[in-house]
Amino acid sequence: MLARDHSVAVDPVALEKSISKATEALLGYRQSDGHWVFELEADSTIPAEYILLRHYLAEPIDAGLEAKIGNYLRRVQGAHGGWPLVHDGPFDMSASVKSYFALKMIGDSVDAPHMVRAREAIRSRGGASGSNVFTRFLLALYGVVTWRATPVLPIEIMLLPMWSPFHINKISYWARTTMVPLMVLAALKPRAKNPKDVGIDELFLEDPKSVRMAPKAPHQSPSWFYLFRSLDAVLRVIEPMFPKRLRQRAIDAALAFTEERLNGEDGMGAIYPPMANIVMMYEALGKDESFPPRAITRRGIDKLLVISEHEAYCQPCVSPVWDTALASHALQEAGGDDTLAKAKQGLDWLKPRQVLELKGDWAVKAPDVRPGGWAFQYNNDHYPDLDDTAVVVMAMDRVRRHTGTREYDEAIARGREWIEGLQSRDGGWAAFDVNNLEYYLNNIPFSDHGALLDPPTEDVTARCISMLGQLGETAESNRAMADGVAYLRRTQLAEGSWYGRWGLNYIYGTWSVLSALNVAGVDRNDPMIRKAVDWLASVQNQDGGWGEDAVSYRLDYKGYEVAPSTSSQTAWALLGLMAAGEVENPAVARGVEYLKATQTEKGLWDEQRYTATGFPRVFYLRYHGYSKFFPLWALARYRNLRSTNSRVVGVGM
């Protein structure tokens with residue numbers, strides 16, 4: 001619902017009290033060494049897969065842990081009987097199949113009411129054969145379906161030259177690290193130990209062994225898809241005839257790739273799916289649980305668990321660098337000597353985590369660029385990301401401006417150099433790679449999720465422009481800036497918004513871009529900015545907040561759809577409007593009042609809804625830190641702008 005155009009007066013004393021309480025609360029989450037790390041929650045699939053992994057390996061049953069994960073899975077079951085990808089979201093087949101399978105594995109009776117509801121929900125929507133590719137591989141490993149239900153993934157892909165259309169470096173880092181051990185599994189076709197011999201045939205409307213390849217996904221082009229489907233059919237016939245020596249050489253190449261990137265207990269790629277695949281891969285290769293690469297990776301998986309008194313779940317990864325950098329920005333906005341000192345301690349924790357020596361996979365397409373980025377996790381040197389790097393650099397530059405310190409100069413310079421070196425040829429920036437523009441690959445049967453690539457996006461491009469602008473560059477002085485701003489002009493939607501790849505969704509993208517355009521020196525009266533301001537004001541909810549749902553990623557998006565307000569999305573909208581010079585806009589005052597009114601006694605905000613994105617339409621995230629630092633940031637920014645005459649946001653975020 002659209003907000004009414006009436007003015008609201010913000011009480012400065014009450015505002016200051018809100019800022020103070022939020023600051024104190026955020027500081028209370030600081031780790032002993034000065035950094036921040038909050039829970040990172042996805043949907044039910046990761047904890048379900050964790051349970052299934054343990055039974056795949058026939059690990060000793062930890063009844064206490066399984067009971068807590070079971071409590072979590074039952075709690076997040078949807079009213080529709082299945083499991084959603086987001087809080088209160090619609091039914092998702094793959095999440096539902098995995099969650100049901102995990103609960104049955106834990107020991108829940110198939111006659112229990114929640115299991116009956118789940119089974120009916122799955123069967124009424126066509127049954128488990130509607131699962132996605134990743135779920136099909138899991139079911140094939142368990143022997144529920146045959147390998148005919150999965151695409152052919154010949155391990156010999158590891159030996160293809162770079163000019164090949166299917167080279168491993170032409171897909172995203174997350175797909176690459178997940179697929180390499182998965183290809184070994186597909187070559188060896190092992191079977192889960194599954195000591196309890198649990199199956200889920202009852203979720204299918206047909207004989208599970210009769211299930212064949214999944215149909216074309218909605219995002220896929222019919223001509224491309226059926227071309228690749230034909231190739232898959234040919235490979236299925238000839239793959240068994242590949243020479244054994246060639247196959248072994250390919251498996252050796254996959255192992256070499258993996259072992260170079262094992263990354264200790266942080267795991268290859270520092271994300272759950274590759275880590276789980278690696279453990280299963282070593283099992284299939286006959287390496288027992290004491291084999292060091294397997295043992296280290298397995299310990300790393302347990303480090304992703306979040307265990308509380310009654311529940312437990314497994315995170316897809318951890319987010320300390322992102323959390324620390326964003327918390328530092330919020331605290332620098334809040335101000336105060338003690339607060340600023342603690343924000344700086346967070347940056348001091350970040351400084352040695354800059355990747356300065358190792359050239360990761362990104363260097364395949366940018367061999368002459370020096371490393372200089374930060375990863376998202378504690379350690380992930382092969383895969384630093386541009387979004388984190390830009391945010392860290394801007395936070396360090398803010399401290400440099402405030403104190404005059406030179407201690408971050410080299411870190412800032414190297415971060416900037418790396419980001420400029422990874423600009424793609426279309427003028428945009430991606431999250432982890434450069435020129436990952438092989439869009440045809442999203443049409444292969446394996447890519448039913450549509451997330452095989454890491455192409456440039458509006459939000460990451462905006463962040464990189466924000467960094468360059470904050471460091472003093474303009475479109476006139478810097479070619480990278482000029483090309484980036486041109487990219488953003490091209491990608492603005494007719495309604496005035498920009499897409500948000502890593503946050504939900506158009507509110508996130510529009511905030512990111514308005515922050516960038518402001519610091520890049522684009523005139524506030526530019527039609528691009530005016531359209532964005534009008535759009536943000538038009539989608540404000542009647543309660544003064546802003547909200548947006550995961551449904552906004554639908555392929556046939558036709559404009560904003562009403563969703564309940566959240567604190568983080570409200571903060572993004574406010575930060576975007578203020579970057580566009582709209583601090584006096586009545587919509588801003590109403591948004592500030594919404595945040596003040598919804599702040600809890602502890603100084604924080606309750607936010608159950610998911611406001612971040614792993615992969616659009618497939619995988620969403622709930623950063624538990626977002627409701628702790630973004631609202632504080634917006635409130636403090638509002639106070640600071642209202643107390644000056646310029647009303648200009650002088651930084652990139």
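## Close-up views of a predicted model

**View 1. Arginine charges placed over aromatic rings.** The charged end of arginine 353 lies over the ring of tryptophan 349, at 3.9 Å from the ring centre; a charge is taken to sit over a ring if NZ of Lys or CZ of Arg is within 6 Å of the ring centre and within 35 degrees of the ring normal. Residues are numbered from 1 along each chain as its sequence is written, and side-chain values use heavy atoms, with hydrogens and water left out.

**View 2. The aromatic pair of phenylalanine 432 and tryptophan 502.** Rings of Phe, Tyr and Trp (its six-membered ring) pair if their centres lie within 6.5 Å, and planes under 30 degrees apart count as stacked, over 60 as edge-to-face and the rest as tilted. By this rule there are 34 aromatic pairs. Phenylalanine 432 and tryptophan 502 form an edge-to-face pair, because their ring centres are 6.5 Å apart and their planes stand at 80°. Phenylalanine 432 belongs to the loop between helix H15 (409-421) and helix H16 (458-470), and tryptophan 502 to the loop between helix H17 (479-491) and helix H18 (506-519), so the pair ties together parts that are 70 residues apart in sequence; helices (H or I, at least four residues) and strands (E, at least two) are DSSP runs, numbered from the N terminus. Phenylalanine 432 is buried at 12% relative accessibility, and tryptophan 502 is buried at 18%, where buried means under 20% relative accessible area, exposed over 50% and partly exposed in between (1.4 Å probe, protein chains only).

View 3. Since tyrosine 508 lies in helix H18 and tryptophan 572 in helix H20 (residues 567-579), the pair ties together parts that are 64 residues apart in sequence. Tyrosine 508 is buried, with a relative accessible area of 1%, and tryptophan 572 is likewise buried, at 0%. Ring pairs also link both residues into a cluster, whose members include Tyr29, Phe38, Phe376, Trp511 and Trp633.

**View 4. Surroundings of glycine 269.** Glycine 269 is located in the loop between helix H9 (244-260) and helix H10 (272-284), and it is buried, with a relative accessible area of 1%. Leaving aside residues up to four places away in sequence, glycine 269 touches Tyr173, Thr177, Arg261, Gln377, Asn380 and Tyr383, contact meaning heavy atoms within 4.5 Å.

**View 5. An open sheet of three strands.** The strands follow the order E1-E5-E4 with antiparallel pairing, two strands being paired if DSSP finds at least two bridges between them. Strand E1 (40-41) and strand E4 (612-615) are at the edges with a single partner strand each, so one side of each has no neighbour in the sheet. Three bridges join E4 to strand E5 (residues 619-623); phenylalanine 615 stands opposite phenylalanine 619, and threonine 613 has tyrosine 620 as its bridge partner. Three residues separate the strands in the hairpin of E4 and E5, where arginine 617 adopts a positive phi near 75°.
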